[in-house]
Amino acid sequence: MKKQKVLVIGNGMVGHHYVEQLSSANLPVEITVIGGETRPAYDRVHLSDFFAGRKPEDLALTTRDHYHQIGVDAHFGDPVVNIERDTQKVITKGGQIFHYDKLVLATGSYPFIPPVPGAALPGCMTYRTIDDLGEIRAEAKSSKIGVVVGGGLLGLEAANALKNLGLETHVVEFAPQLMGVQLDSGGGEMLSRKIEALGVKVHTGKATQTIKKGNNTRLRMNFTDGQTLETDLIVFSAGIRPYDQLARDADLKVSERGGIEIDFNCRTRDTNIYAIGECASFGGKIFGLVAPGYRMAEAAVSQLTDKPIPFQGADMSTKLKLLGVDVGSIGDALGKTPGCIAYTFSDQRAEVYKRLIVSNDGKFILGAVLVGDCSDYDSLLQFYLNSIELPGNPESLILPAKDNTASLLGASALPDSAIICSCHNVSKGAIIGALDAGCCTLGDVKSATAASSGCGGCASLLKNVVDEEMAARGMEVNSALCEHFNYSRQELFDILRSKEILTFQQLLDEHGKGHGCDICKPVIGSMLASLWNEHVLEKKHLGLQDTNDIYLGNMQKDGTYSVVPRVPGGEITPEKLIVLGEVARDFNLYTKITGGQRIDLFGAQLHELPSIWRRLVNAGFETGHAYGKAMRTVKSCVGSSWCRYGVQDSVGMAIRVETRYRGIRSPHKIKLAVSGCTRECAEAQSKDIGIIATENGWNLYVCGNGGMRPRHADLFATDLDDETLIRYIDRLLMFYIRTADRLQRSSVWLENMDGGLDYLKAVIIEDKLGLGEELESQMAYLVDTYQCEWKTTLEDPEKLKRFRHFINEEIGDDQLDYVQERGQRRPATALERKHHKESNPHRIAITELSGRS
């Protein structure tokens with residue numbers, strides 16, 4: 001039987017998916033693929049990872065060798081310039097000729113550059129390919145300011161790239177809000193607010209009139225409203241246009257708004273030519289996401305089989321993280337369906353916005369918008385995709401859960417037809433089928449179904465489905481930390497300790513795979529700190545921490561940082577109080593006494609942190625580790641020193657305990673308290689470790705916490721002398737650090753522990769496991785190797801380099817907005833900023849208070 005010649009033009013993600021699907025279908029075909037770029041298909045979804053250190057080969061979806069092995073004739077860097085339909089052949093730019101029986105156009109799209117005079121000047125570029133990113137990185141080395149034109153998905157990714165390159169970053173959007181296709185006005189406003197708090201300036205409703213050479217910068221953007229914006233670099237990411245020129249030249253029908261028209265079979269007007277992905281128009285619509293392109297590819301492949309499947313459109317819901325902000329959009333997010341009902345939840349303090357669109361009878365979800373918190377996304381999407389009837393109070397699906405309960409769907413409630421992975425169209429039934437066929441782990445299911453190998457947004461839901469199905473079958477549920485390590489946190493901790501592994505990369509090389517992720521990196525970084533106590537900003541540990549650890553301070557809503565020096569036991573001298581007041585005054589910091597008996601200073605800019613901490617360290621202060629998952633505070637009452645009810649020196653014990661355990665990293669934050677008598681003024685029974693004085697010594701309470709789900713601590717031991725008390729705390733904290741799960745509070749750790757409190761007593765007090773001496777030794781090592789992270793940083797010029805807003809200048813951010821309230825400044829609300837901007841129409845940004853002293 002003669003083999004059909006199938007020729008694929010384009011080797012992006014969709015074109016590559018078509019080739020893989022066709023190759024695995026075992027049909028009598030000869031496959032040829034021609035890619036316009038010089039490299040084979042790569043992952044455009046994670047393109048911005050290039051700036052996080054990933055190399056082009058790390059993003060590759062295939063190689064020339066792989067195509068050769070599966071019998072695909074692949075050609076790259078010589079694009080097709082002409083299709084001759086009559087003779088069924090194509091001609092490349094280099095003059096090569098290829099014949100076909102079936103032709104598949106997967107030419108994708110190209111970035112739209114607005115027709116603005118000056119858009120071709122040096123310093124103006126696009127954000128679309130790996131080569132584009134290489135040019136941006138090279139240009140950024142000699143730049144201070146960068147502007148992205150376009151506030152959509154790709155534009156905000158580009159903005160994140162410029163910010164990570166150390167540039168002062170602006171986003172200019174013609175529409176009145178960001179992400180106008182996916183978000184309503186409320187969601188767009190919240191997204192702008194959160195992004196501006198991260199240091200990116202957002203300019204919406206701006207039409208660029210011309211681009212010219214700047215006065216003090218390389219370029220100047222002139223807007224139609226008369227305002228200007230100076231910049232060194234402009235990245236255009238203002239949408240895409242389907243690359244349909246080949247089809248136009250070949251007289252194939254093209255949609256009015258662009259895109260090669262296709263039918264349900266992904267066929268063009270020529271029955272031998274198909275079009276898939278962003279170059280295709282189905283029903284007058286371009287599908288600009290990967291998942292719909294994959295569905296087109298699968299439908300087109302099926303036309304060559306005896307079981308053709310139609311392409312019937314695709315869901316455009318999406319969940320992603322833009323500049324660190326969680327954003328989700330489902331279905332009719334803008335609420336355009338006639339008669340629909342909308343429920344809106346907006347928490348300005350937490351900076352969370354949620355909007356739920358339901359049918360007029362209140363029974364079904366039509367759409368949703370989530371900004372700042374996408375924890376509900378998976379469940380809401382399943383309600384939407386599977387037309388699952390809503391509870392009687394639909395608004396409960398987006399309101400904060402009460403009593404730690406949630407009204408959202410669990411994996412067991414989903415029908416088998418529910419699509420878990422939209423990128424690869426993997427249903428819950430397919431996952432169950434993979435388990436029926438012998439898959440025993442999450443990794444097995446991923447390999448068998450390709451679920452979660454696309455954008456990765458379904459990873460959490462996929463794990464829930466697999467875990468529930470395995471538990472229902474009596475199978476052992478895999479507790480692997482993530483896809484890169486087939487070990488639990490406790491197992492990885494033991495590996496690090498027993499093999500004395502000192503870096504993430506060494507652990508990954510010897511016991512993991514891939515490159516790591518946002519789950520494993522911070523967890524392993526924390527464990528390395530818990531074991532070896534090295535400075536978190538050592539070069540070998542960089543990239544493992546979140547924003548707070550990286551800058552040794554808690555980032556606040558406006559992008560500034562808090563400064564929290566340690567005040568052991570809450571005891572402080574007048575001289576130190578004066579230093580705190582002078583620092584707060586000189587740097588114009590908002591000052592607040594906290595419930596943990598410390599003084600927090602808010603509003604410090606990144607470049608100011610070293611100057612502030614140098615003064616504090618010189619005055620005898622140390623970092624309070626408020627930015628880390630670590631031992632935070634030890635609260636105390638005045639005890640027997642002053643109080644007539646006190647029976648022990650609670651302040652002295654609090655200082656001893658806090659000085660001993662300061663800086664120790666743990667799975668979650670740890671708080672302690674010491675009360676001088678049973679009147680309990682220090683509220684010790686609401687802490688991870690609570691100590692209450694008695695006539696005969698100290699009572700020890702463990703595993704309590706406050707917060708959203710308060711838990712009263714359990715009485716662990718009574719009438720302890722000082723040394724026994726410290727020994728038990730040493731053992732307990734190290735046992736918690738060793739065995740708790742990722743981000744698990746001590747209260748939840750105890751609740752989930754087999755044997756509960758009795759077992760914990762047996763381990764710590766009776767030394768049932770024979771670990772007592774080892775746990776004490778580990779704690780002694782951490783105590784002996786303690787260092788104030790800020791003091792060490794101030795002594796190291798290399799570490800200090802990261803405390804700059806801009807990579808090549810030590811200047812601040814003069815675009816922060818504040819208002820005076822009760823004698824101090826605070827960040828302006830969105831409404832206050834909007835009012836001030838309207839009253840100052842000729843200014844792009846405002847500063848309501850003057851700069852620093």
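Student: Which residue is the bridge partner of histidine 170 in E12?

Tutor: Lysine 201 is the one. Keep in mind that we're looking at a predicted model here.

Student: What makes E11 and strand E12 (residues 200-204) a pair?

Tutor: Two strands pair if there are at least two bridges between them. E11 and E12 have 5 bridges, in the parallel sense, so by the cut-off of at least two they count as paired. The chain gets from E11 to E12 through H6, and that β-α-β crossover is right-handed.

Student: How do you know that E10 and E11 are paired?

Tutor: Use the same test: at least two bridges are needed, and 5 bridges join E10 to E11, so they pair. These strands run parallel.

Student: Why is E11 called mostly covered?

Tutor: Buried means under 20% relative accessible area, and 6 of the 6 residues in E11 are buried. Glu168, His170 and Val172 point one way, while Thr169, Val171 and Glu173 point the other way. In a regular strand the side chains alternate between the two faces of the sheet.

Student: What covers the buried residues of H5?

Tutor: The cover includes helix H4 (130-140), strand E10 (145-149), strand E11 (168-173) and helix H6 (185-197). Among the buried residues of H5 are Leu153, Leu156, Ala159 and Leu162.

Student: Is proline 338 buried or exposed?

Tutor: Exposed means over 50%. Proline 338 has 73% relative accessibility, so it counts as exposed. You'll find proline 338 in the loop between strand E22 (325-331) and strand E23 (341-347). Serine 359 is 21 residues away from proline 338 in sequence and 9.0 Å away in space, C-alpha to C-alpha.

Student: Why do strand E28 (561-563) and strand E29 (590-593) stand at the edges?

Tutor: The open sheet has 3 strands in the order E28-E30-E29, with antiparallel pairing. E28 and E29 each have a single partner strand, so one side of each is left without a neighbour in the sheet. From one strand to the next, the twist averages 25 degrees. Between E29 and strand E30 (residues 599-604) there are 4 bridges, and threonine 591 has leucine 601 as its bridge partner in E30.

Student: Which helix lies across E28 and E30?

Tutor: That's helix H18 (residues 609-618), running at about 5 degrees to E28. Helix H17 (residues 574-586) lies across E29 and E30, at about 15 degrees to E30.

Student: How many residues does the largest nonpolar core have?

Tutor: It has 61 residues, and Phe485, Tyr661 and Phe735 are among those with the most contacts inside it. Helix H20 (residues 722-739) gives the most to this core, with 10 residues. Leaving aside neighbours within four places in sequence, phenylalanine 735 is in contact with residues including Trp749, Met753 and Leu760.

Note on methods. Residues numbered from 1 in each chain as written. Predicted model: local features only at pLDDT ≥ 70, side-chain atom pairs only at ≥ 80, totals over all residues. Heavy atoms only, no water. Buried < 20%, exposed > 50% of the residue type's maximum accessible area, 1.4 Å probe, protein only. Contact = heavy atoms within 4.5 Å. Axes fitted to C-alpha atoms, helices over the stretch in contact; angles between N-to-C directions. Right-handed = clockwise from strand over helix to strand, strands pointing away. Core = buried A, V, L, I, M, F, W, Y, C linked by side-chain atoms within 4.5 Å.
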